[in-house]
Amino acid sequence: MKLTIFGATGGTGASLVGQALAAGHQVTAVVRDPARLAVPAALAAPGGLAAPGGLAAPGGLAAPGGLAAPGGLDIPGALDIPGALTVPARGQFLVVTADVMQPAAITAAVASADAVLSALGPHGTGRTTVLRDSARAIIEAMHEAGASRLLTISGSIVADEGEGPFMRYLLKPAARRTFLRHVCADMRGAEDEVRASQLDWTIIRPPRLTGGAAAGTYRTAIDSNLPRGLTISRADLAACMLALLDDADTIGRHVAIAR
């Protein structure tokens, strides 16, 4: 499948890119700062990519900071997106530098996508609208480009369905009133945008994210949180998102995931 991934410089986004390429998908990673984009393991093998702190095309073609020079590198079979760098590697990897908050800047990146995946998240717990604003921009770009499948990450904090009494009546209300109040509000705002989008959307609601390799033994639930769902690794979250790409039963639904 042709996938466009937002938030590829974060932990979950990096896992998405690496796992998607390893599975043979064609990946477009949309980033604001390509120097922060880790080279996926699937590209570090012989014949792939290797460039400290950035990206380099086979044969050693590279631009300062790991991004193609203005106008991009013309590689046969590449998508024609200005400023993009493409390389052949088990799948196809395209890096596009763009501001996700500007729909016109990302429309070309989603135009040929079979699915768009957003792993964007807030930085810290302060006042923010990054999730809502980015969701609105991605949706606008998808409508303009004619793309329809959207998978996006929210959080289990936004809903109480499926929770036990302790989480439902004590812990979550306390968190929403205090340190997670801004994050929760932003997640809920982003979900509102997605549900109103008329796209083929799936919202994934994980609990606290952890590092580590994918265990492959995660649990999921539709339109309900999971009892004792306290953590999930970013790698397992990425694996779940990829598994849901062509799952028609999750279109227009909220999917909880936890260990």
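**Close-up views of helices and loops**

**View 1. Helices H4 and H6 side by side.** H4 and H6 pack at an angle of about 15°, and their axes lie 7 Å apart. Because angles under 35 degrees count as roughly parallel, H4 is roughly parallel to H6. The axes are lines fitted to C-alpha atoms, for helices over the stretch in contact, and angles run from 0 to 180 degrees between N-to-C directions. This is a predicted model, where local features need pLDDT of at least 70 and side-chain atom pairs count only at pLDDT 80 or more, while totals for chains, interfaces and linings use all residues. Residues are numbered from 1 along each chain as its sequence is written, and side-chain values use heavy atoms, with hydrogens and water left out.

**View 2. The residues that join H4 to H6.** H4 passes H6 in a right-handed crossing (the near helix is turned clockwise from the far one by less than a right angle). On the H4 side, the contact (heavy atoms within 4.5 Å) is made by Val 130, Leu 131, Arg 132, Ala 135, Arg 136 and Ile 139. H6 contributes Asp 186, Met 187, Gly 189, Ala 190, Glu 193 and Val 194. Together these residues divide into seven nonpolar, one polar and four charged. Here Ala, Val, Leu, Ile, Met, Phe, Trp, Tyr, Cys and Pro count as nonpolar, Asp, Glu, Lys and Arg as charged, and the others, Gly among them, as polar.

**View 3. Helix H6 and its neighbours.** H6 covers residues 181-195 and spans 21 Å from its first C-alpha to its last, close to the 21 Å expected (1.5 Å times one less than its number of residues). Helices (H or I, at least four residues) and strands (E, at least two) are DSSP runs, numbered from the N terminus. The buried residues of H6 include His 182, Val 183 and Cys 184; buried means under 20% relative accessible area, exposed over 50%, and partly exposed in between, with a 1.4 Å probe and protein chains only. The buried residues of H6 pack against helices H4 and H5 and strands E6, E7 and E11.

**View 4. Two loop residues with positive phi.** Gln 198 sits in the loop between H6 and E7. Although not a glycine, Gln 198 has a positive phi of about 65°, and it is exposed at 77% relative accessible area. Now look at Arg 228, in the loop between strands E9 and E10. Arg 228 is not a glycine either, yet its phi is positive, at about 55°, and its relative accessibility of 70% counts as exposed.

**View 5. Helix H7, largely enclosed.** Seven of the ten residues of H7 (234-243) are buried, so the rest of the structure largely encloses this helix. Among the buried ones are Leu 237, Cys 240 and Met 241.

How values were computed:
Angles under 35 degrees count as roughly parallel, over 145 as roughly antiparallel, 65 to 115 as roughly perpendicular and the rest as oblique.
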